[in-house]
Amino acid sequence: MNSRSEINAYTFDADLEAMVEQFFSEKSGTEVVAQAEIDGLPTGLWYAAVELGLPLVGLPESAGGSGGSLLDAVTVQRAAAKHAAPLPLAETYLAGRLAAAAGLQVPSGIATVAPGSQRDDARRIGDGLVSGNVSRCAVGERRVSAGGSSR
């Protein structure tokens, strides 16, 4: 990400673009995608991305994110999409963005957002935590709702 103390949505980071392009070109591709179709999430790839802070790029460091701008987040998402990286990066970013906007810490690990319906039995149990089952939830060790996040 940019080394400047002042980062805005219009500052393009060529170093970040080169790094994520190299990372995804080396770590993802048709074989990784084909294996993910069989085995699910490629955990080695996920943890390598986490080690670089990629899932939380564009989220404020003060909330537990990796820092950077919205353009930095788009740079990561674009490189991942270009190389068909089978990772829940967009879902994790969105859940983190909603958590940060609600004044919560960004969830660590895979996170997602579910729309919720009357069939769900998730309930707020205090301290911003939600417990229960949510339908139509693609992935996630944690889920963020309007009421907070859950483990």
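Guide: In helix H5, the residues Leu-89, Thr-92, Tyr-93, Ala-95, Gly-96, Ala-99 and Ala-100 are buried. Seen down the axis of H5, these buried residues fall within an arc of 165°, so they line one face of the helix. The arc is that of the directions from the helix axis to the C-beta atoms.

Visitor: Before we go on, what kind of model is this?
Guide: This is a predicted model, where local features need pLDDT of at least 70 and side-chain atom pairs count only at pLDDT 80 or more, while totals for chains, interfaces and linings use all residues. Residues are numbered from 1 along each chain as its sequence is written, and side-chain values use heavy atoms, leaving out hydrogens and water.

Visitor: How many helices and strands does the protein have?
Guide: Helices (H or I, at least four residues) and strands (E, at least two) are DSSP runs, numbered from the N terminus. Here there are 5 helices and 5 strands, and along the sequence they follow the pattern α-α-α-α-α-β-β-β-β-β. Of the 151 residues, 38% count as buried.

Visitor: What span should the 13 residues of H5 have?
Guide: The expected span of a helix is 1.5 Å times one less than its number of residues. For H5 that gives 18 Å, and its end C-alpha atoms are 18 Å apart, which agrees. Helix H4 (residues 70–82) also has 13 residues, and its reach of 18 Å from first C-alpha to last is close to the 18 Å expected.

Visitor: Which residues of H4 are buried?
Guide: They are Asp-72, Ala-73, Thr-75, Val-76, Ala-79 and Ala-80. They cover an arc of only 155° around the axis, which puts them on the same side of H4. On the other side of H4, Arg-78, Ala-81 and Lys-82 are exposed.

Visitor: What do the buried residues of H4 pack against?
Guide: For packing we look at contacts, meaning heavy atoms within 4.5 Å. The buried residues of H4 pack against helix H1 (14–27) and helix H5 (89–101). Val-20 touches Leu-54, Thr-75, Val-76 and Ala-79, not counting residues up to four places away in sequence.

Visitor: How do I read a nonpolar core?
Guide: A nonpolar core is a set of buried Ala, Val, Leu, Ile, Met, Phe, Trp, Tyr and Cys residues joined through side-chain atoms within 4.5 Å. The largest one here has 17 residues, and those with the most contacts inside it are Val-20, Phe-23, Phe-24, Leu-54, Val-76, Leu-87 and Leu-89. The elements that give two or more residues to this core are H1, helix H3 (43–51) and H4. A second, separate core of 7 residues includes Leu-56, Leu-59, Ala-73 and Ala-100.

Visitor: How many aromatic pairs are there?
Guide: Rings of Phe, Tyr and Trp (its six-membered ring) pair if their centres lie within 6.5 Å; planes under 30 degrees apart count as stacked, over 60 as edge-to-face and the rest as tilted. A search of the whole structure finds 1 aromatic pair. The rings of Phe-23 and Phe-24 have their centres 5.0 Å apart and their planes at 75°, so the pair is edge-to-face. Both Phe-23 and Phe-24 are buried.

Visitor: And how do I read a polar contact?
Guide: It is a pair of N or O atoms within 3.5 Å; within protein, one must be able to donate a hydrogen and the other to accept it, and residues adjacent in sequence count only if both atoms are side-chain atoms. Take Asp-13, in the segment before H1. Its side chain reaches the backbone nitrogen of Asp-15 at 3.0 Å and that of Leu-16 at 3.0 Å. At 4% relative accessibility, Asp-13 counts as buried. At the start of H4, a side-chain oxygen of Ser-69 comes to within 3.3 Å of the backbone nitrogen of Leu-71.

Visitor: Where is Ser-66 placed?
Guide: Ser-66 sits in the loop between H3 and H4. A polar atom of its side chain lies 2.7 Å from the backbone oxygen of Gly-53.

Conventions
Buried < 20%, exposed > 50% of the residue type's maximum accessible area, 1.4 Å probe, protein only.
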